[in-house]
Amino acid sequence: GIYINALTLTAMSGTLDMCLSYSLGSTTNQVVERGYFVPGGGIAKSFPHPSYYGTANAALTYQILSGAGTASWSVTYTSKGTP
């Protein structure tokens, strides 16, 4: 399992609909964070109790769902066997 401790999503250029999720979800309960960000905008979030969002053995994925530009994703996590 991948347990997220903290994340940062930043739009470096362009206006982007960005998503961090498990298994390429964009509207499911496996979405960790999603937002529509302008250049220089974004979100930083920490999780006091790391969660795996009800997933087991799922890949953590990042996507630009719409817009064009460059983005930065930063994630700190803990991994351990399937819960």
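This is a predicted model: local features need pLDDT of at least 70, side-chain atom pairs count only at pLDDT 80 or more; totals for chains, interfaces and linings use all residues.
Among contacts in the protein chain (heavy atoms within 4.5 Å) between residues at least 6 apart in sequence, 73% join residues at least 24 apart. Residues are numbered from 1 along each chain as its sequence is written, and side-chain values use heavy atoms, with hydrogens and water left out.

**Stop 1: the whole chain**

Switch to a cartoon view. You will find zero helices and six strands, giving the pattern β-β-β-β-β-β along the sequence. Helices (H or I, at least four residues) and strands (E, at least two) are DSSP runs, numbered from the N terminus. Now show the surface: the protein chain exposes about 4,500 Å², with carbon and sulfur atoms supplying 54% of it. Such areas come from the Shrake-Rupley method with a 1.4 Å probe, and for residues only the protein chains shown count as cover. Of the 83 residues, 29% are buried; buried means under 20% relative accessible area, exposed over 50%, and partly exposed in between (1.4 Å probe, protein chains only).

**Stop 2**

Next, zoom in on strand 2 (residues 16-22) and strand 3, which pair in the antiparallel sense over six bridges. Two strands pair if DSSP finds at least two bridges between them. Strand 3 (residues 31-37) is largely enclosed by the rest of the structure, because five of its seven residues are buried.

**Stop 3**

Is Ser 21 buried or exposed? Ser 21 is buried, with a relative accessible area of 0%. Among the residues Ser 21 touches, not counting those up to four places away in sequence, are Val 31, Val 32, Leu 60 and Thr 61. A polar atom of the Ser 21 side chain also lies 2.6 Å from the backbone oxygen of Gly 25.

Most residues other than glycine have a negative phi. Ser 23, however, has a positive phi near 60°, and Leu 24 has a positive phi of about 60°. Ser 23 is partly exposed at 43%, and Leu 24 is exposed at 56% relative accessibility.

**Stop 2: the aromatic pair**

For the last stop, select Tyr 62 and Trp 73. How many aromatic pairs does a search of the whole structure find? The search finds one: Tyr 62 and Trp 73 form a tilted pair, 4.7 Å centre to centre with 45° between the planes. Rings of Phe, Tyr and Trp (its six-membered ring) pair if their centres lie within 6.5 Å; planes under 30 degrees apart count as stacked, over 60 as edge-to-face and the rest as tilted. Tyr 62 sits in strand 5 (residues 60-66) and Trp 73 in strand 6 (residues 70-79), 11 residues apart. Tyr 62 counts as exposed at 57% relative accessibility, whereas Trp 73 counts as partly exposed at 22%.

Note on methods:
A polar contact is a pair of N or O atoms within 3.5 Å; within protein, one must be able to donate a hydrogen and the other to accept it, and residues adjacent in sequence count only if both atoms are side-chain atoms.
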